[in-house]
Amino acid sequence: MKALKTFKLGGIHPQEYKISADKPIEVLPIPKTVNIPVAQNLGAPSKVVVKKGEQVKTGQLIAKGEAFISANVHASVSGKVKKVDEVLDTSGYKRLAVTIQSEGDEWEEDIDTSEEIKKEITASQQEIIDKIQEKGVVGLGGATFPSHVKLKVPEGKTAEYLIINGVECEPFLTSDHRLMVEKGEELMVGIELLKKGLGVEKVLIGIENNKPDAIKYLSEVASQYENIEVQPLKVKYPQGGEKQLIKALLGREVPSGKLPIEVGCVVNNVGTAYAVYEAVQKNKPLVDRVVTVTGKNLEKPCNLQVRIGTPVQDLIDKAGGLPEDTGKVVNGGPMMGKALTSLEAPIVKGTSGVIVFPKGEATRVTQKTCIRCGKCVEACPMGLEPFYLAQLAEKELWDRAEENLIMDCIECGSCHYTCPSGRPLLDYIRVGKPNVGQMIKNRGN
Amino acid sequence: MDKLVISGSPHVHQNTSIPKLMYMVVIAMIPAMLVSFYMFGLGALRVFLIAVLSCYLFEYLIQRYLIKGPITINDGSALITGILLAFNVPSSIPWWMMVVGALVAIGMGKMSFGGLGKNPFNPALVGRVFMLISFPVEMTRWPKPIVSREYFSFAGVDDKVLDTVTGPTPLGVLQEKGVEGLSQTSNYADLMLGQMGGSMGEISAIALVIGGLYLLFRRVISWHIPVAYLGSSFALAAILWFANPTQYADPFFHLVTGGLILGVFYMATDYVSSPISAKGQIIFGVGAGVLTILIRVFGSYPEGVSFAILLMNAATPLINNRFKPKRFGHKPAKAA
């Protein structure tokens, strides 16, 4: 048997814990109130276009993305705008959000909410891009980069491959997995739309080998289409990082500081492809997403279809409630997700999972001295020296941190994961990056 | 509900720690320890106990009274230094020399630089070389395996019989008498099992390789330094041998005698004092291999492993600066 493809440099194998992998997607009932942050995407925050007291319908535009990199935000329930004010969001900071008191679920008339799968593509390339922009679709893998921007290939560059990211390399998370197994037909239409929007011929879908059902099913569905190939990949973290994924699939290396388009690729998550399908074929804005709710001690780990703005608490209640010994709740994957300060924080477009950790696993071990074992260097998928970057950041030697490529760090956390001394290497690097970034910016002026 | 814990990602961690890694190294050294007990009897046990206990004691005293910092004697590193130090001396070493060696290894080799993780040189080798230079007679008097067993006890060795139960190492013979002299020493099978004069831990290549493979298999060490070190010393010895087999010993002889295998797997691979990147580790290994053979063949000491590794330890910061890991998304030609 031929060895499965993967990326070469670095990488780790954390325990998978995909305990919710066989739980079908359930629809979470409409919450009483939703808090919809207006800055859910990478880039500029959007401008609120509704007022307090106003009645809104599900799918109605409530904040408009006006900058080049920004995205529209829509009401995820119908009802009355209770306030437009700052709320604590998943980042742990207070951010501007629209609070809607839900009164049923009345959708905008032009949205097709039927279950019927609409395969025929009538929209032109420009119409596809416009629709994606209008309906507020952003990258659902976690980075939440506005999707319409990705489809506009910069002048002088050509896109050769559309790469669909079904890797889901984070332990615990299964939302993309369920989407691939349950919504394969829709997904494929979404991929066709992205293909047309981008103007490329070839599509590769990368899926790690721990999801054989998804690989088998999507390969079957893809066989009805031209030039869509499912590529099984060896399980290795962080293969879902786009640079690692491109390397694994095509052997191409995105140059430092550049985007995938530099090597002729555009990468989109499977969740994004599904959202594109809904936006273009069903006229439906991004008002809900699939979220994995999981944890070793959770009673009923599950995959839920959740309206944007739903409090995390609602999801945990659905999964059987917060276990006694809970120490930490994480928004996102265990490797890159953020610890939540409050369970009232709303689900946003970028939330792929909610993970509950017991007390014993919530706190870090006391950090010990660095013994220069080089495990972090071995694990780093970018070929950096995390132990050294952490030292440089600790000593605030920003120019040397820059020379040692601190800005190449993708913050995957493999270094801290492997460190036998329990050193929070990524914390230090995260402190260093904005400082180095500022230094580079100042130099440019 | 209590307050939730807030910390940066990642939220999961590999089940590893410094003591875990260190104790795996200790496990790897057990076969060679057993061989030394078998070959040298109680004398060997005596030296091991003195070395290990001294290392623990000095580390504790220095941390407690000089540095006045946290006590970290349980991290396993003092145990490794103690065992390695014992591995590197003959079983007839007087007890107080062993204590002095441990003091130099822990005090000068490690704690003077700030403790574990800060030492540029392998502490056990610092202690060993200090002893070799300070006590040249006692450090080069090699009890014969098995036959010397009964003359050793916890109290040490009876001086009267010392001369009759000690003999030279194969490398010593090579140094003195040249290749012709080697025919008097044992065959390769005996050499690999440990039937030769030498330091307590270095005599059995087989026992050392078993432990080394365990370390590689458990991924405590990577293959780069051992392969580069073995390969380069073998290659250089082979070149010399091909050039003149009557003057130079054959490369297999160099591999199985002296402290080469011990150095390759247990001392050159020391995390703290060896390079970080794969490239750097290969250069380190090649350098150590070449220096070892050069010292053995052309130097005034019959054995060169300790010096070779210490010299490469000194070069490690330079290697680390010059040879960075392979970077993602950068042209390979870019120099650091």
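How many bridges join strand β13 of chain A to strand β17 of chain A, and do they run parallel or antiparallel? Three bridges join β13 (residues 288-294) to β17 (residues 353-358), and the two strands run parallel.

## Basis of the model

This is a predicted model, in which local features need pLDDT of at least 70 and side-chain atom pairs count only at pLDDT 80 or more, while totals for chains, interfaces and linings use all residues. Residues are numbered from 1 along each chain as its sequence is written, and chains are lettered from A and ligands numbered from 1 in the order in which they are written.

## Chain A overall

Chain A has 14 helices and 17 strands; helices (H or I, at least four residues) and strands (E, at least two) are DSSP runs, numbered from the N terminus. For 445 residues a compact globule would have a radius of gyration near 22 Å, and the 21 Å of chain A agrees with this. That radius is taken over C-alpha atoms, and the globule rule is 2.2 Å times the number of residues to the power 0.38. Along the principal axes, the C-alpha atoms of chain A fill a box of roughly 65 × 50 × 50 Å.

The domain assignment of chain A, which is automatic or from a database, gives domain 1 (31-102), domain 2 (125-281), domain 3 (288-362) and domain 4 (375-444). The C-alpha centres of domain 2 and domain 4 of chain A lie 29 Å apart.

## Sheets of chain A

An open sheet of six strands has the order β1-β14-β13-β17-β15-β16 in chain A, with mixed pairing. Its edge strands are β1 (25-27) and β16, each of which pairs on one side only; two strands pair if DSSP finds at least two bridges between them.

Strand β7 (residues 79-88) of chain A is joined to β4 (residues 55-56) by two bridges, in the antiparallel sense, and A:Val56 has A:Gly79 as its partner. Over nine bridges, β7(A) also pairs antiparallel with β8 (residues 94-102) of chain A, where A:Val81 is partnered by A:Ile100. The hairpin of β7(A) and β8(A) has five residues between the strands, and A:Gly92 takes a positive phi near 90° there.

## Contact between the chains

In chain A, 50 residues are in contact with 30 residues of chain B, a contact being two C-beta atoms, placed from the backbone, within 7 Å. On the chain A side, β15 (326-331), β16 (338-339), α13 (414-418) and α14 (425-444) each supply at least two residues. The most come from β15(A), with five residues.

## Core and buried helix

The largest nonpolar core has 227 residues, and those with the most contacts inside it are A:Ile163, A:Val276, A:Leu315 and B:Val47. Such a core is a set of buried Ala, Val, Leu, Ile, Met, Phe, Trp, Tyr and Cys residues joined through C-beta atoms within 7 Å. Its largest share, eleven residues, comes from helix α1 (residues 18-40) of chain B. Among the residues that B:Val47 touches are B:Ala86, B:Ile93 and B:Met200.

In helix α3 (residues 77-87) of chain B, eleven of the eleven residues are buried, so this helix is largely enclosed by the rest of the structure. A residue is buried if 20 or more other C-beta atoms, placed from the backbone, lie within 10 Å of its own, exposed if 12 or fewer, and partly exposed in between. The cover over the buried residues of α3(B) includes α1, α2 (42-67), α4 (95-110), α5 (123-134) and α12 (260-267) of chain B.

Note on methods. Lists of a residue's contacts leave out its neighbours within four places in sequence.
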